[in-house]
Amino acid sequence: PFWLEHDHLRADDLIVDVRARVRSLSCDAMHAGTAAAAAAGATGGGGMWLFSYNKENFGNDAGMRFGRFMMARGNANAQVAQYREDIAGITGMTVSKMDAWQTVTTLFLAVGAALSCAGRIGMHGCAPPGWYCALFSGSIFMSIMFNGTSLWLSMHASLRAQCAATSLLTRKVRLPIPSMGQLDQARVFGSTFEKQELRDIFRVPFMRHPHDAPDMPNSEGEGAKKSKKMAAKNAKLDPHKEFGSTARDTVPSWIRDEVVVDKGDGFASSGREEELHEPGEAPDHFKLLMKAQEEWRDYDVYARITMLFGVVSFLYAVTYYAVGTAIAELRGFWVMWSMPMVFLTAQTLVLRLDILRDGHHRLPNAELFGSMAPYFAVAACSLEYRYYYSEAQKAVTWGLALLAFFAHLVMNLRMLDLAWPDRSPSVDMPEEPGKQWWPASWKVPRAFTKNLWFITPPTKLEDGQHCLLHEMQDMAVHGGGVSVCRRRRPSPAKAQPPAMSQESGAGEAYSGASPFRDFGLKRANDLPWQLTRVVILTACLQWIFVMFTTSAEIILGPESLLKPPGEPPWIRDTKYRSWGPEKIHLSSAGALPSDYRLFAASTARYTDDESTDSHSDAHGATDAHHRRLEKANLSQESAAFEELLKLVPALGELADKIQGGEAYHAAGDGLAQAPSASSALPAPQSGFMAPASKVQSIVWPSLFEPRHLLCGPHTDSPVIALTPRGVGALVNMGLQTANTAEQSFTAEPFALEGLGQWGPLAGAARTQRGLQLLTTTGKLLHCAGHQVPAGGAWPCQESEHPQLPVPAGSELISAAFAEDAKAASANPLVALVFKNMPEIAALYRAVAGSWHPVGEVHVPPGLGSHSSLGFDGLETLLVTGATGEVHRRHLAGGAPALHPAPAGASSREFRSACALPEGQIMRLALRQMDASAPWGPELISNA
């Protein structure tokens, strides 16, 4: 005790001393509390500042993390879109080539079929010898065989390429669009900062981070050999080694989490050394596409080769066709010798253009000998058709024929030599911009390596090019460079389908083997070469067979196998008959054979009162009972149908009487109402009751068959007749149209210039400004003036009016034009009869630069398939039939009228009619004066 130690002191002194000591202890305690409080405050303030500093860094890193994630996925999507364009471009090239070759081979097949059928030699004259027919027919059908094979291979190549492109685009090469789970993982909440380690939350600036930086591979590869200077430069610029942190080899925990989640697909590296992609390695879609190309490669290659062989055989066939026609039918000796030079020059140039001669073939330049085959045939024909005969000449002819066969055999063997694929090892051809390329492992014919125009994907990327998908795959394989994950790894049962890996990630844009691998195992890729070899060997076998059979014919003689027509045994004839004079019909004969049917099928029906026929007149009347479609030969149903058709004109007239008017008008036209049904229609007259008519005496141009007749706006205006192709004649009759004495006129011929490119005429009209032409395609043309210009060429140009409303795919069979004489340019009117609706004449009026429908008029039945239209003013439409009847249809609602056919109409074919200013009708008809004379025009007016 204190007081025991100081017992010698007095009590007062002891009390004073105790008080002093207590006072000293109180001061010391007060000063210690103040210091502690100050220290605690400083520590709290520093901690708050460190918390705010690191939280601000966390928020900044979180925003940059999401932005980088979206930018990386956007760039990856753009690159995969480029990959899809690569697939479409490479496969589209094959599809385009195959489509072009299909068109070419189809055309050659069509012409070859024509040469073998309707165009064969001997159709119009004496047939050539049998050995020449073998050359001609053999070349044709070889061309068909090669072109048909090329067509089939082209279809296979095109369809396989399209299938491969569709398969890759729909299954393998897909855009690496991030899933919702990946977007959620990339997004960071502000409260996530509370879950970070305390070392990161209160980290002092300029101090090391708690975690090491991810150990990711170098972007240039570890095995790249570079100079020290370049390596140092790349080390400074390598984005995988620099994270922008204070300590270059440490990172915060959230950066480490970002690497694991965004780059490592949520897992850290397993620690195994897995192989990464090589620098410049080709993208996966290139590898898949090159594998798929092996499925259609040979189809593409041999479609091109067989097309060339088909063209070569076709040129042979055309040469033999020209030579055979020249000597067998035309007897053109020197023409025959000049023909092969043209086609064989083309054949040689085509072979020179497509074949690469490199000296590695078994039959070099053998095609030059094969091209001489037509000249051997020409020399043999020169002896075959020689006027004088000798046995030596016959032997030389056979020898030349066999030599021609042998030349064709050599040419086909040369084709086999050229088409044989190259089996010798070689290095890859250099990849040059704008040129074809394929790997050396592909065995293609050496002769066509410069003209196949086939291209495969590159085996590696160019310098400076990168595949983002490969980089993302490498980072995913190595867990973003993090070997140990801070968070607990899920159990194996749950690790397989994490939330964000259920969706397709960037590294899973391609997966699995080629979809064509199984198909390749079932069918060899060189199947097109095997087919081509069979086709060429078949052609070779054909020529060998022809050589053997020709040799047998030389020894046995041609009479040992064939007999002359009509000689026994008759079992070889198609009919049991002998050829005699009664079986041969000459063009000068007066009657036809009893079984002659040539003209029966061309006539549709025959009326009861038809006693003669134009062909019967020419050949005699003895064949009338042989008409196949005569009344007696018609079935009961056909006869009833014919009787029904006879009633159609009468029913049409009855309908006109009941309706009274047939024009349909738009609302607001202000037209008068149609008359009552009691309006009578003038009955047609015929025979001696027909109105008198006058045939104008006109000297027409020879072989002139017009279809359109145009009357002028004035009484003394010339009359114009036009053919559909723009050849015309102008007749100036003045005032002597109908009521003057007999007078002869001469038609002035002319031609419309500028009509050829717009098609034939469907109608025409005379206006105040000249001619208005309407073509079958709906084009309006204007020919200025009323007289034929000097030189006989009447220039025409496109009209100022809009094109007629003719739908696409349709055409006009008849048309008419009318405009107001006082205001020529204001709202003209047209009447149109379309080919698909010949029973209706549609009315249109031009308003504000376009045609508007204003009504329609029914064409009376029984007028023929090409009734003619014409306007009489703006309110009357004239409809003319082939029998000469002219129907008037008043567009303003007046009663219809009928101008019956003139007398003698049965011997004429009426083409058109027009109305004169006095109200008379002028008709244009064609008539044949006698059986041997051509048809000529007649101008008929009312007397």
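Two strands count as paired if DSSP finds at least two bridges between them. I took helices (H or I, at least four residues) and strands (E, at least two) as DSSP runs, numbered from the N terminus.

**Ground rules.** I am working on a predicted model, where local features need pLDDT of at least 70, side-chain atom pairs count only at pLDDT 80 or more, and totals for chains, interfaces and linings use all residues. Residues are numbered from 1 along each chain as its sequence is written, and side-chain values use heavy atoms, with hydrogens and water left out.

**Sheet β19 to β22.** I looked up the strand order first. This open sheet of four strands reads β19-β20-β21-β22, with antiparallel pairing. β19 (868-871) and β22 (897-899) are the edges; each has a single partner strand, so one side of each lacks a neighbour in the sheet. On average, neighbouring strands here are turned by 25° against each other, direction ignored; I used axes that are lines fitted to C-alpha atoms, for helices over the stretch in contact, with angles from 0 to 180 degrees between N-to-C directions. Inside the sheet, β20 (residues 876-880) and β21 (residues 886-890) pair antiparallel over five bridges. I found V879 opposite H887 in β21.

**Sheet with β3.** I then traced a second open sheet of four strands, ordered β3-β25-β24-β23 and antiparallel in its pairing. Its edge strands, β3 (693-695) and β23 (908-915), each pair on one side only. β24 (residues 921-928) and β25 (residues 935-942) run antiparallel and share seven bridges. L924 has L939 of β25 as its bridge partner.

Next I followed the chain through two hairpins. β16 (residues 829-834) pairs with β17 (residues 837-847) in the antiparallel sense over five bridges, and two residues link them in a hairpin. L832 bridges to A842 in β17. β17 also runs antiparallel to β18 (residues 850-858), with eight bridges. There I noted L843 with G855 as its partner in β18. Two residues separate β17 and β18 in their hairpin, where A848 takes a positive phi near 55°.

**Whole protein.** I counted 20 helices and 25 strands. Of the 943 residues, 41% are buried (under 20% relative accessible area, 1.4 Å probe, protein chains only). I also checked contacts (heavy atoms within 4.5 Å): among those between residues at least 6 apart in sequence, 67% join residues at least 24 apart.

Definitions and conventions
Buried < 20%, exposed > 50% of the residue type's maximum accessible area, 1.4 Å probe, protein only.
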